[in-house]
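Welcome! Here is a short briefing to read beside the sequence and the 3D view.

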Amino acid sequence: MTLLEVKGISKYFGGVRALKDLSFDVIQGEFLGLIGPNGAGKTTLFNIICGEYKPNHGYIKFKGENIISLQPYDICKKGISRTYQLVKPFLNLTVFQNALVGALFGRDKSDSRKAVEFAEEALKLVGLQDKRDVLVKHLSTLDRKKVELARAVATNPILLLLDEPVAGLNPKETEEVLTIINEIHKNDVTIFMIEHDMKTIMSYSNRIIVLHNGEKIAEGTPREVASNNQVIEAYLGAPSC
Ligand SMILES: Nc1ncnc2c1ncn2[C@@H]1O[C@H](COP(=O)(O)OP(=O)(O)OP(=O)(O)O)[C@@H](O)[C@H]1O
Ligand SMILES: [Mg+2]
């Protein structure tokens, strides 16, 4: 079943074309990868899906409803959550308070007791219960990334957008965060993840979309994408004659 339908999206920043006539679907339950060279438009796409930027053309439907004119907080309430390429936790709040903010602004939170439960569960999932009362400004990069994951998960998302969640981490930390992401996926959350490391994206994704200069140049299984000539050219440059 199609969860998210992206149709004909174009985005310009002045004279810069960040996305051009981009269309694809996200299927419920999948682990979808998004790759592309620097400046390909990956983060811009996430900002449009979450309502932070409005496109110049096109629409996005989530569970059949056009969400293009909604504000980011309304899109979050509908079940789309995200993490940022450069993490943006609330530094002067505690770990628990960060997760609670997610829970209070998320989906189906009618009472604050339920929100506390969601926040506690999210901390458990990322393994930060022991640091629940620590101010986030005192945490390492790894723990800040976990806090951001917890805040996103505490919104009880249907679709979770992850923008390079393991960038800047060492191999052991990377494995730790990927295990958490895998756990989130197992809990019936559809994942749409941007990642530069080919080995990681190939082994975790069911399907991959490739952007280059704001356009989709390939879409398919990891194996299909890895053997696509346009993709190889985009990453390695055109072969010289
Ligand atoms: N707020 C903005 N104002 C002006 N230009 C922008 C803005 N956001 C993105 N761009 C431009 O849009 C293009 C796509 O940027 P984007 O950040 O989406 O790329 P990306 O694929 O996420 O790259 P990276 O892999 O480096 O994170 C770039 O040329 C970038 O400079
Ligand atoms: Mg980016």
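How do the residues of the shell around ligand 1 divide into nonpolar, polar and charged? They divide into four nonpolar, seven polar and one charged, where Ala, Val, Leu, Ile, Met, Phe, Trp, Tyr, Cys and Pro count as nonpolar, Asp, Glu, Lys and Arg as charged, and the others, Gly among them, as polar. This is a predicted model, in which local features need pLDDT of at least 70, side-chain atom pairs count only at pLDDT 80 or more, and totals for chains, interfaces and linings use all residues. Residues are numbered from 1 along each chain as its sequence is written, while chains are lettered from A and ligands numbered from 1 in the order in which they are written.

**Around ligand 1**
- The shell includes Phe13, Asn38, Lys42, Thr43 and Gln85; a residue belongs here if its C-beta atom, placed from the backbone, lies within 6 Å of the ligand.
- H1 gives the largest share, three residues.

- Most residues other than glycine have a negative phi.
- Aspartate 21, in strand E2, has a positive phi of about 45°.
- Aspartate 188 has a positive phi near 70° and is found in the loop between helix H6 (171-186) and strand E8 (190-194).
- Aspartate 188 is exposed, with 9 other C-beta atoms within 10 Å; exposed means 12 or fewer such atoms, buried 20 or more, and partly exposed in between, with C-beta atoms placed from the backbone.
- Aspartate 21 is partly exposed, with 13.

Notes. Helices (H or I, at least four residues) and strands (E, at least two) are DSSP runs, numbered from the N terminus.
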